Amino acid sequence: MKLASLQQGRDGRLVIVSDDLTRCLPVPDLALTLQQALDHWETVAPALAELSVALNRGDLADALPFEQAHCASPLPRAYQWADGSAYVNHVELVRKARNAEMPPSFWTDPLIYQGGSDSFLAPHDPILMADEAFGIDLEGEVAVITGDVPMGATPEQARGLIRLVMLVNDVSLRGLIPAELAKGFGFFQSKPSTAFSPVAVTPDALGEAWDGGRLHLPLLSQINGQPFGCPNAGVDMTFDFPTLIAHAARTRPLCAGTIIGSGTVSNKDADGGPGRPVAEGGLGYSCIAEIRTIETIRDGQPRTPFLRFGDRVRIEMQDRNGASIFGAIDQTVQKYEGP
């Protein structure tokens with residue numbers, strides 16, 4: 001089953017989306033918003049699933065054309081957005097870029113930060129920034145939306161509480177991160193509003209690509225229409241989603257609608273070394289910071305610039321037949337002129 005939120009009001013208008021992303025159906029009698037559906041998932045989800053089957057059969061005459069450009073993020077705002085760094089290869093590289101040593105515990109204890117969840121970007125909204133000197137970077141990720149998770153839940157218990165899967169562009173401002181983290185209190189200004197894919201998908205709809213904790217498909221990123229990365233989200237993921245959820249719930253419960261991110265998807269090269277650019281036959285990257293680190297290691301200095309005004313970013317994932325699963329995050333960087 002695929003769900004989306006059309007841009008209507010602060011919390012969107014919930015629709016079921018056909019598997020081929022061409023048609024959708026509002027379901028006001030079941031839930032006006034995705035958050036309402038998540039709050040009553042045990043009773044609402046079976047009815048949504050029945051309508052999804054009918055929609056995909058073409059049985060519903062009141063179905064509407066589905067336009068990704070009309071979508072908000074599936075949850076336009078959320079009670080909680082907690083982003084992990086499950087691909088420790090990525091963490092190691094970006095820390096190296098700012099000459100920060102990585103503690104050995106990062107390989108055994110998940111790293112999570114609590115992001116801002118009150119102002120998510122729609123998947124086709126521009127990325128508005130006041131200054132290119134902020135070091136504007138994309139971060140392509142996978143995320144899950146949970147049901148109610150009790151405090152102290154085990155990874156196995158958390159596995160059964162994953163309701164939906166979606167994609168992420170967790171925009172980062174690399175020029176602001178070092179000074180902010182040096183204060184010892186975490187990200188804030190360096191992590192602006194995040195965007196999610198137009199569509200969120202139930203795990204069962206992902207078939208064999210979903211193993212209960214990881215999504216085994218390439219995450220496709222483009223910058224200005226050129227391939228930038230295609231690392232497999234199921235490879236080199238040190239901590240799976242149930243582990244991340246259990247870590248987040250160790251000392252607090254998580255309410256239905258909590259979003260847990262994977263962190264930037266990152267693969268090592270076939271020889272175990274850092275990944276290579278797509279142009280050199282590698283799988284590329286899901287953020288610019290990685291390629292800049294590798295250029296610095298290899299050439300003594302980075303060559304690839306961070307995003308500039310006018311640049312366009314696209315993040316997507318396709319099934320085995322080449323069809324888009326979640327729709328595309330498709331954003332242009334634009335100058336913010338003030339309120």
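Biologist: What volume does the largest cavity have?

Modeller: About 40 Å³. First, a caution: this is a predicted model, where local features need pLDDT of at least 70, side-chain atom pairs count only at pLDDT 80 or more, and totals for chains, interfaces and linings use all residues. Residues are numbered from 1 along each chain as its sequence is written, and side-chain values use heavy atoms, with hydrogens and water left out.

Biologist: What counts as a cavity or a pocket?

Modeller: The search runs on a 1 Å grid over the protein atoms alone. A cavity is a set of points where a 1.4 Å probe fits but cannot get out. A pocket is an open set with protein on both sides within 12 Å along at least five of seven lines. Lining residues have an atom within 4 Å of a point. Points are joined across faces, edges and corners, and a volume is the space filled by probe spheres set on the points.

Biologist: How many cavities of 30 Å³ or more are there?

Modeller: One. Its lining is Ser85, Val88, Val91, Phe106, Asp109, Pro110, Leu111 and Phe239. That divides into six nonpolar, one polar and one charged residue. Here Ala, Val, Leu, Ile, Met, Phe, Trp, Tyr, Cys and Pro count as nonpolar, Asp, Glu, Lys and Arg as charged, and the others, Gly among them, as polar.

Biologist: S8, then. Which sheet is S8 in?

Modeller: An open one of five strands, ordered S8-S19-S18-S15-S16, with mixed pairing. S8 (127-129) and S16 (226-229) are the edge strands, each pairing on one side only. Strands (E, at least two residues) and helices (H or I, at least four) are DSSP runs, numbered from the N terminus. Two strands pair if DSSP finds at least two bridges between them.

Biologist: Parallel or antiparallel for S8 and S19?

Modeller: Parallel, over three bridges. Leu128 stands opposite Gln334 in S19.

Biologist: What about S15 and its partners?

Modeller: S15 (residues 220-223) pairs antiparallel with S18 (residues 312-316) over four bridges. Leu220 faces Glu316 there. S15 also runs antiparallel to S16, joined by three bridges. That pair is a hairpin with two residues between the strands, and Asn224 in the turn has a positive phi of about 55 degrees.

Biologist: Which S15 residues are on the covered face?

Modeller: Ser221 and Ile223; Leu220 and Gln222 are on the uncovered one.

Biologist: Switching topic. How many residues of H6 are buried?

Modeller: Six of the eight in H6 (residues 241-248). They are Phe241, Pro242, Leu244, Ile245, Ala246 and Ala248. Buried means under 20% relative accessible area, exposed over 50%, partly exposed in between (1.4 Å probe, protein chains only).

Biologist: What do they pack against?

Modeller: S7 (112-115), S10 (140-146), H4 (155-159), S11 (162-169) and S17 (259-261).

Terms used
Contact = heavy atoms within 4.5 Å.
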